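Hi there,

Here is the structure I promised to pass on. Please have a look at it first, and then read my notes below.

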Amino acid sequence: MKYFTYFGNHLINAKLPNNSEVYFAKPPIPGIKRSALREHTRNAFENPLDMPPLRELVDGNSKVLILFDDNCQPFPATKKPDMRQIMIETLLEMLYEYGVEKKKIELVCAVALHRKMKEHELEYMLGKDIMKEFYPHQLRNFDAEDADQIVEVGKTEHDEIVETDKAALEVDLIIYVDMIQIPLNGGHKSVAVGLGTYNSIAPHHSPHMTSESPHVMQPEGSHMHACIERMSRLIQKETPILVIEAAMNGAIYPFHLRYVGKANKDCNFAERIIKTFTPASLSLLPESVRYKILKSVRTDYEPMAVNAGDIDSVHAKTLSLMKDQLAIDIPRQYSTLVFGLPDMSPYAVDARINPVLVVSDILGYVFNWFYNKPLIKENGVVIIMNPTYEIFHEEYHVAYKMFYDEVLADTSEPFEMQQKYQEKYAKDEHLIDCYRNKFAHHGFHPFTVWYWATYPLKYLSKVILVGPKEPRVAHRLGVEWAKDLDDALTMAREISGDDDVVALTMPPFFYANVGE
C-alpha cells in the first residue's frame with residue numbers, strides 16, 4: 001500500500017506492506033476567528049476561572065509582567081496577525097482602562113534556554129504598535145544567563161533549585177499569554193520553565209525523569225511535569241500568576257494544502273488528483289526550492305477556546321480541549337512504526353532540521369505522543385525516513401553542532417553523556433555568549449531534547465534511519481541505517497517475525513489512545 005508522507009522537504013509515496021495501517025489526525029475542530037478573538041480575550045479576563053476578575057487584581061499602583069511564548073509554538077508559523085498580538089493588545093487596553101500605567105508594564109518573551117527571538121520575529125508576532133510602544137526598554141527576551149537579572153526563589157521539597165527572572169518577584173501580577181498546541185505546553189510549565197535557568201531546568205530535563213516512564217508530552221503520570229509543578233508552586237507563593245490559554249485546533253494547513261494531511265478516502269476528486277501528482281512534481285524541483293516552499297507555508301490555526309484564571313483550573317480546560325482535538329483511538333500496539341519526517345521542528349524555526357533533531361523529534365516527540373501507552377510494542381522497531389543532511393544553522397545550532405561532533409561521536413547513551421558532557425556544555429563561555437548575544441540555543445539545549453528519548457532508546461530493539469546515502473550519519477546518531485524502506489522493513493521483520501506495521505501522517509499532529 002502507498003504511504004503519502006514527508007521525506008524532509010519532499011512529499012513521497014512510500015510503499016508499505018498491504019496489511020499496514022496508516023493513521024491521520026482528526027479534522028480541525030471549528031475555532032474562534034481572529035475577528036472575534038478580542039471579545040473572547042476580554043471575556044476571559046473579565047470572567048477568569050478561580051481568580052478575581054482582572055479589574056480587581058490591578059490598580060493605578062500595580063506593576064505587571066506580561067509573559068508570552070516564543071515562536072516554538074504554535075509551529076509552523078501562523079498567518080498574520082498572530083493571535084498573541086490580538087490578545088496582548090486587548091490585555092493592554094484593559095490594563096490601561098483599570099488604571100495601570102504604561103511605565104509599570106513589562107513584556108518578556110519566555111524563551112527559557114531556546115534561542116532568543118530577533119527583532120523582526122518579535123514584530124511579526126506582536127505587531128508594529130506593540131513594538132513601537134514597548135521595544136526595547138519594556139519588551140525583551142528572557143536571558144537565563146544574565147546574572148544581574150536572575151534570582152533564586154528557593155528550593156522545592158525535593159531540594160530542586162528554583163531560579164527565575166527577578167522581574168517575576170518584583171511585580172504585583174504575572175500574566176502569561178499562552179498559545180497551546182500540544183499537552184506538553186502550558187500550565188505550570190509556562191512560567192517555571194519559560195523563565196527557568198540551567199540550574200532550575202536541569203532537574204526536570206534529565207534522563208532520570210524519563211528512564212522508567214515515557215510520559216513527557218503530557219502532565220499525567222509524568223515525573224518531569226511533577227517536578228515543574230513543584231517549582232511553579234514555589235513561584236506562585238511569591239507572585240500571583242494569571243494565565244490565559246488559547247487551545248489551538250488542528251488547522252495547520254491552509255485550504256489549498258489540506259489534502260496533505262488527509263486520507264485518500266476523505267479527499268475530494270481534485271485533491272486526490274493533486275495528491276497523485278505532487279511527489280512527481282516536487283521531484284522536478286531542486287532541494288533548495290522545496291525548502292523555501294515548505295518554509296513559506298503559514299498555518300490556519302484557531303483557538304478552540306480561550307480561558308483565563310488560575311493555572312490549575314485553566315489548564316484542566318485546555319487539556320480536555322486538546323484531547324478532543326488530538327486523541328485518535330488505535331485498537332492495539334504494533335511491532336513497527338514508519339514515520340516520514342518533514343524538515344520541521346520547534347527548534348528549527350527559520351532553519352533546516354539538523355541530524356540531532358531528526359532522531360530526538362521522533363523518539364522524544366512522536367514516540368511519546370500517546371495518552372495511555374506507547375503505540376509500539378516493547379522491543380519494537382521505529383523506522384525514520386528523512387534525508388538527514390549534516391546541516392547546522394550557523395547562528396541557532398552552534399551547541400547542536402558541537403554535540404553532534406563531540407558528544408555523539410563518543411556516546412548516544414543519555415546517562416553517560418549527562419555525566420561526561422552536560423556541565424561542560426552548560427558552562428561553556430563561548431556557548432553562553434552565543435546564547436546571550438548571537439541567537440543560539442543554550443549549550444544545554446541539545447541534551448534536553450536527547451534526554452526525552454531516554455525511554456524509547458531503552459524500550460525499542462532498533463531504530464532505523466532511511467534517507468542518508470551512506471551509514472555514517474546514522475552511526476553517529478547511534479541508530480541503524482538502511483539504504484531504502486524495503487531493506488528497513490526487512491530488518492524489522494527479522495525482529496517481529498511478520499509485517500506488523502503502522503505509519504502516521506503528520507502534521508496535523510495527534511496523540512494515540514491505544515487499546516488493549
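Leaving aside its neighbours within four places in sequence, which residues is Arg476 in contact with? They are Tyr404, Asp405, Leu408 and Ala409, where contact means heavy atoms within 4.5 Å.

Before the rest, a word on the basis. This is a predicted model, in which local features need pLDDT of at least 70 and side-chain atom pairs count only at pLDDT 80 or more, while totals for chains, interfaces and linings use all residues. Residues are numbered from 1 along each chain as its sequence is written, and side-chain values use heavy atoms, with hydrogens and water left out.

Back to Arg476, which lies in helix 20 (residues 472-476); helices (H or I, at least four residues) and strands (E, at least two) are DSSP runs, numbered from the N terminus. Arg476 counts as partly exposed, at 26% relative accessibility. On that scale, buried is under 20% relative accessible area, exposed is over 50%, and partly exposed is in between (1.4 Å probe, protein chains only). The C-alpha atom of Arg476 is separated by 9.3 Å from that of Pro355, although the two residues are 121 apart along the chain.

Pro355 brings us to helix 14 (residues 355-365). Here 11 of the 11 residues are buried, so this helix is largely enclosed by the rest of the structure. At its start, a side-chain oxygen of Asn354 comes to within 3.0 Å of the backbone nitrogen of Val356. This is a polar contact, that is, a pair of N or O atoms within 3.5 Å; within protein, one must be able to donate a hydrogen and the other to accept it, and residues adjacent in sequence count only if both atoms are side-chain atoms.

Now the aromatic residues. Rings of Phe, Tyr and Trp (its six-membered ring) pair if their centres lie within 6.5 Å, with planes under 30 degrees apart counted as stacked, over 60 as edge-to-face and the rest as tilted. The count by this rule comes to 17 aromatic pairs. In one of them, the ring centres of Phe367 and Tyr459 are 5.6 Å apart and the planes are at 70°, so the pair is edge-to-face. It links distant parts of the chain, 92 residues apart: Phe367 is in the loop between helix 14 and strand 14 (376-385), and Tyr459 is in helix 19 (residues 454-459). Phe367 and Tyr459 are buried. For Phe392 and Tyr404, the centres are 5.3 Å apart and the planes at 45°, so that pair is tilted. Both Phe392 and Tyr404 are buried. There is also an aromatic cluster, whose members include Phe75, Tyr365 and Trp452.

Helix 4 (residues 119-126) has Glu121, Leu122, Met125 and Leu126 as its buried residues. They cover an arc of only 115° around the axis (taken from the directions from the helix axis to the C-beta atoms), which puts them on the same side of helix 4. Among the elements that cover these residues are helix 3 (83-97) and strand 5 (105-109). Just after helix 4, Gly127 takes a positive phi of about 90°.

Finally, Asp82 sits in the loop between strand 4 and helix 3. Asp82 is buried, with a relative accessible area of 4%. A polar atom of its side chain lies 2.8 Å from the backbone nitrogen of Arg84. Not counting residues up to four places away in sequence, Asp82 touches Tyr124 and Met125.

Best wishes
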